[in-house]
Amino acid sequence: MIALGGAIGTGLFYGSGTTIKLVGPGISLSYIIGGIAIFFIMRALGEMSVDEPVSGSFSHYAYRYWGEFAGFFSGWNYWFCYVVVSMAELSVVGVYINYWLPSVPTWLSALAFLVLITLVNLINVKAFGEFEFWFSLIKVVAIVAMILFGLFIIFFGLGNNGQPIGLSNLWAHGGYLPNGLWGLLLSLVIVMFSFGGVELIGITAGEADNPKESIPKAINQVVWRILLFYVGALLVLTIIYPWNLVGTTGSPFVEIFSKIGIPAAAGILNVVVLTAALSTYNSGLYSNGRMLHSLALQGSAPKMFARLSKAGAPVNGVLFSSALTLIAVVLNFLVPGKVFLYLMSVATIAAIFNWAMILMTHLKFRRAKQEIGTEKDLAFKLPLYPISNYVTLVFLAMVVVLMAYIPDMAYSLYIGPIWILILYVGYKLRGPLK
């Protein structure tokens, strides 16, 4: 549920409108391609997490099997990624609230929910787990219901005066790939942002009751479930409504059900998309607190982040991460309506750094196991190693290149190198560990 909560969020419910504009009905194919890459990334992380379950896993594995800077970079970059993701989620909360209360400023809604989710994460891991379970359950049930509801609209004309819509919208408005192969390739950039969050499973390994059983089960199930939810929901969506009429100002799910005359369904879906954004923010704040705790234990972050509350929550890490996401509230006040895509582009480049670090760290992890003769004892091996590592790394590099061709995302290619330089300077200023 934690992995689903991280991955099924704003990228699907809000960002899919932008993706549909790029690729048309072929959006379902985009998610299949991206899902294959995510499967290999998750299995690489899963292999390491099962062998050595620890909290703050990315940074720990990079530090142990690659070196001090790799651990420093991996941990801080993951933290930065989820701070930006949290900002992106908060930036659209106000849009959803405006569906019911159009006069409420988006920044005010963002601030209210920031305070609420921060309080939840300050209690203990059980409070976070309960909230995230129900948040995720609402999303999962809603997506399944939407798919079933959509099928009744398609084949039986429910809500359409009994006239079945049929499948013609898949090809009737320029074809399945109206913008050709180029549109498909560009769509992969936003698709990969949507998948950000599945790697949360690795963060939870250190707090799972039985990680050697729960982690493999969670990884194998979450990948195909996310594919089912994304591909199934978006396929139904593009069949019900012509892709070229889908807007990008709100959730396309809500927009579509409103336009075909089912306002009650649209209102319910708006509750769901609001829950989805809060769920991802909740997951992000959880993981950021743990990552700062792990970095502090390594000596790569101030010692204050190593402290835990009596309930075991990394209070300082949570408060610091939450304080930085206040920037999203300020941005919503200054440039309402433009924040999401800008933040999404920065989060995408940071997520790609995370995934590349996982794949490269896994290569070094496996070589270390080969050298000491314990490779055969690994219980949850990555399929097609090492080919899957290299092919997925090439795919991620292609996504970075494609970002240069999307005007609102190209600037993040300048931010990426600057961020690497900042982390390198920070690492050097920190000095060697004792």
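Biologist: At what angle do helix α4 and helix α11 pack, and how far apart are their axes?
Modeller: This is a predicted model. In it, α4 (residues 27-51) packs against α11 (residues 211-240) at an angle of about 170°, and the axes are 10 Å apart.

Biologist: Parallel or antiparallel, then?
Modeller: Angles over 145 degrees count as roughly antiparallel, so α4 and α11 are roughly antiparallel to each other.

Biologist: What residue classes make up the contact of α4 with α11?
Modeller: The contact has 16 nonpolar residues, along with six polar and three charged ones.

Biologist: Switching to the surface. Which residues form a nonpolar patch there?
Modeller: The patch consists of V144, L148, L151, F152, F155, F156, L158, L167 and W171. Together they have about 880 Å² of accessible area.

Biologist: Take F156. Where is it found?
Modeller: F156 is in helix α8, which covers residues 125-156.

Biologist: And is F156 buried or exposed?
Modeller: Exposed: the relative accessible area of F156 is 56%, and the cut-off for exposed is over 50%.

Biologist: Next, the backbone. Which two residues does a cis peptide bond join?
Modeller: Y385 and P386, with omega at about -5°. P386 lies in the loop between α16 (339-372) and α17 (387-403).

Biologist: What about phi of L384?
Modeller: Phi of L384 is near 60°, which is a positive value in a residue other than glycine. L384 is also found in the loop between α16 and α17.

Biologist: Is L384 buried or exposed?
Modeller: L384 is exposed, at 59% relative accessible area.

Biologist: Now G71. Which helix is that in?
Modeller: G71 lies in helix α6, residues 68-100.

Biologist: Buried or exposed?
Modeller: G71 has 0% relative accessibility. Buried means under 20%, so G71 counts as buried.

Biologist: How far apart are G71 and S59, in sequence and in space?
Modeller: They are 12 residues apart in sequence, and the C-alpha to C-alpha distance is 4.5 Å.

Biologist: Last one, V318. Where does it lie, and is it buried or exposed?
Modeller: V318 lies in helix α14, residues 315-324. With 0% relative accessibility, V318 counts as buried.

Biologist: And how far apart are V318 and F305?
Modeller: V318 and F305 are 13 residues apart in sequence and 8.9 Å apart in space, C-alpha to C-alpha.

Technical notes. Residues numbered from 1 in each chain as written. Predicted model: local features only at pLDDT ≥ 70, side-chain atom pairs only at ≥ 80, totals over all residues. Heavy atoms only, no water. Patch = residues over 30% accessible without salt bridge, like charges linked within 9 Å, V, L, I, M, F, W, Y side chains within 5 Å. Areas by Shrake-Rupley, 256 points an atom, 1.4 Å probe, with all protein chains shown as cover. Salt bridge = Lys/Arg side-chain N within 4 Å of Asp/Glu carboxyl O. Helix = DSSP H or I, 4+ residues; strand = E, 2+ residues; numbered from the N terminus. Buried < 20%, exposed > 50% of the residue type's maximum accessible area, 1.4 Å probe, protein only. Axes fitted to C-alpha atoms, helices over the stretch in contact; angles between N-to-C directions. Parallel < 35°, antiparallel > 145°, perpendicular 65-115°, else oblique. Nonpolar A, V, L, I, M, F, W, Y, C, P; charged D, E, K, R; others polar.
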